[in-house]
Amino acid sequence: MSTTDSSDLVNERKALPPLGTGAFRRRLHAVALIATLGGLLFGYDTGVINGALEPMKEDLGLTAFTEGVVTSSLLFAAAFGAMIGGRLSDAWGRRKAIMLLAVLFLIGALTCVVAPGFGVMVFGRIVLGLAVGAASTVVPVYLAELAPYEIRGSLAGRNEVMIVVGQLAAFVVNAIIGNIWGEHDGVWRIMLAVAALPAICLMVGMMRVPESPRWLIAQDRRDEALKVLSTIRTQQRAQAEVDMISEIHDMEKDRVRGSWSSIRDSRWVRRIILVGIGLGVAQQLTGINSIMYYGQSVLKEAGFESNAALIANIAPGVIAVAGSITALWLAQHMNRRTTLIIGYSLTTVCHFLIGIASIMLPVGNPLRPYVILILVVLFVGSMQTFLNVATWVLLSEIFPLQIRGLAIGISVFCLWMANAFLGLFFPTLVEAIGITGTFFMFGVVGIFAIIFVYTQAPETRGRTLEEVEDDVTTGAIYTHHLRAKSAPHS
C-alpha cells in the first residue's frame, strides 16, 4: 500500500463519527465481561495449583519432579492450545472458538477433581491447558476486534485484569478452604472444583454474544458485520467502520493470505511474528508465573510457616489486581513501548533486590520473610501495572487480520513453552541455586528484555487496527517504531 493510501486511512480514522454512549457502550461492556470469563478461568486454573499442590503432594505421593510435571503439564498443553485456538478462531470464528474452550474448561476441571492418581491428574491438567492456551489467544483478539480504536487498549486489557482476578480468587479460595478444612483428606479437590462454576457461565454467556465484526468481514459477510457493529455503535459510526475495515481487507487480502504461506512469502510478516514471539517470551522470563504457581513454596523457603505462607500469598494476588486496574488507565494515556520499558526496568530492579536480600538476610533472620514478601509484592505490582496488560494488548494489535489468529497463536505458543519450562524446572532450580541465584538469573534476563523492547517493539496506541496492519505489511512500522510518534499523548 502506498503512502497516499496510509494517509487516507489516517484521515478516515479522524473522520469517524463519535462513539455512541448509553445503551451502545453498556452493550459493548457486557459482551466484554462475558468474553473475559475466559480470562478468569485462565487465572483460576493456573493459580489454584499454588495452594492445592501442598496437600495434593501427600495424597498423590508426588516427588519434586512429578510436582513439576503436574504444574507444567497444563503449561505445555497451553502452548498447543494457543496454536490450535488461533487456527480454529480464524477458521470457525472467535465466538465458536471461545464456546469450545468453555467446554474444555469444564471437562478439565471435573477430571482433576475426581483424579484418583498422578496419571489422571496430568490428563485433566492437559485438557485445562488446551483451554487456557486457546483462551490466551482468542479472547484478546476478540476484544481488540470488537473495540473502537479510542478505547481498544483499556477494553482489550480487561482480559488481563480478569486473569489476575482469577488468580486472586484462587489464592483466596485456597486460603479459606485450606485453613478451614485443611486437616481433611482431599481438600485440594474442593479447591479445583470451584473452577467449574465460571466455566458454565462462560459457556452459557457466549451463546448470547455476537461474532467479531472484523472476522465476519474477512469472510465477506459484511451485512452481518454491520448488524453486529450496529448493536455496539451508532448506525453512522458502524457503517463508517465497516467501510474502512472492508477497504483495508480488500487491499490486503491478496498480499496477506490466511495461511503459513504469508509467513513464508513476506519478510515483514515474518519479522512482526518474531517481535510477537520476543514480547511473549520476555514476559514469561520475568518469572512472574513462577511466583503465581509456586508463591507458597517461595514464601516458605523465605521463612514463613505453611499456613502463614498460604495467607501471605494473597498479598501478591491483591497487588496484581490493583496493578492491572491501573494498567487499564495507562493503556489509554501512555504509549505501549514506554509502558513496557518502565515495567522491565522495575521488575529487573526487584529481581536483583530479592537476590541481595536473600544474601544479606540469612535463613533464621526474623526480617527475612517479611522483606522478601514486600519485594515479591513490589515485583508483582510492577509486572501487572506495566507489563502484563501492555504485552497482551500489543499482541492482539500488531498482526494483520488475515492471519491474526495464526500469528498470535505462534507467539503465544512460544510464550507458553517458556512458561512451561519455567513451571517444570522452577522447583528444581530453587532447590539447586536457591532464591538468590534464581532471582539474579531473572534480573539478567530482564536487562536483555529492556534492550529488545527498545529496539524492536512497535507503537500502536491511538491507531486503528487497519492503520497498524497497513504499516506492518509494507514494513513502515519498522522505520519509525523508535520515534513512537504515531500515538497521541492525550
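A crossing of two helices is called left-handed if the near helix is turned anticlockwise from the far one by less than a right angle, and right-handed if clockwise. The legends below come from a predicted model, where local features need pLDDT of at least 70, side-chain atom pairs count only at pLDDT 80 or more, and totals for chains, interfaces and linings use all residues. Residues are numbered from 1 along each chain as its sequence is written, and side-chain values use heavy atoms, with hydrogens and water left out.

**View 1. Helix H4 crosses helix H5 in a right-handed way.** Helices here are DSSP runs (H or I, at least four residues), numbered from the N terminus. H4 covers residues 49–60 and H5 covers 64–92; their axes come within 11 Å and cross at roughly 145 degrees. Those axes are lines fitted to C-alpha atoms over the stretch in contact, with angles from 0 to 180 degrees between N-to-C directions. On the H4 side you'll find Ile49, Leu53, Met56 and Lys57, and they meet Glu67, Val70 and Thr71 of H5 (contact means heavy atoms within 4.5 Å).

**View 2. Helices H21 and H22 cross at roughly 165 degrees.** H21 is residues 368–397, H22 is residues 404–456, and their axes come within 13 Å. That angle makes H21 roughly antiparallel to H22 (the label is for angles over 145 degrees). This crossing is right-handed too. Among the residues making the contact are Trp392 and Leu395 of H21, plus Ile408 and Leu415 of H22.

**View 3. Met56 sits in the largest nonpolar core.** Such a core is a set of buried Ala, Val, Leu, Ile, Met, Phe, Trp, Tyr and Cys residues joined through side-chain atoms within 4.5 Å; buried means under 20% relative accessible area (1.4 Å probe, protein chains only). Of its 140 residues, Met56, Phe105, Met121, Leu192 and Trp416 touch the most other members. H22 gives the most to this core, with 18 residues. Leaving aside residues up to four places away in sequence, Met56 touches Ile49, Gly61, Leu62, Val70, Met121, Trp188 and Leu192.

**View 4. Helix H11 has several buried residues.** In this helix (196–205), look for Ala196, Pro198, Ala199, Leu202, Met203 and Gly205. Their cover includes helices H2 (23–35), H3 (37–47), H6 (94–114) and H10 (187–193).

**View 5. Asp220 has a positive phi.** The angle is about 60 degrees, although Asp220 isn't a glycine. Asp220 lies in the loop between H12 (213–218) and H13 (222–229).

Key. Helices (H or I, at least four residues) and strands (E, at least two) are DSSP runs, numbered from the N terminus. Angles under 35 degrees count as roughly parallel, over 145 as roughly antiparallel, 65 to 115 as roughly perpendicular and the rest as oblique. Buried means under 20% relative accessible area, exposed over 50%, partly exposed in between (1.4 Å probe, protein chains only).
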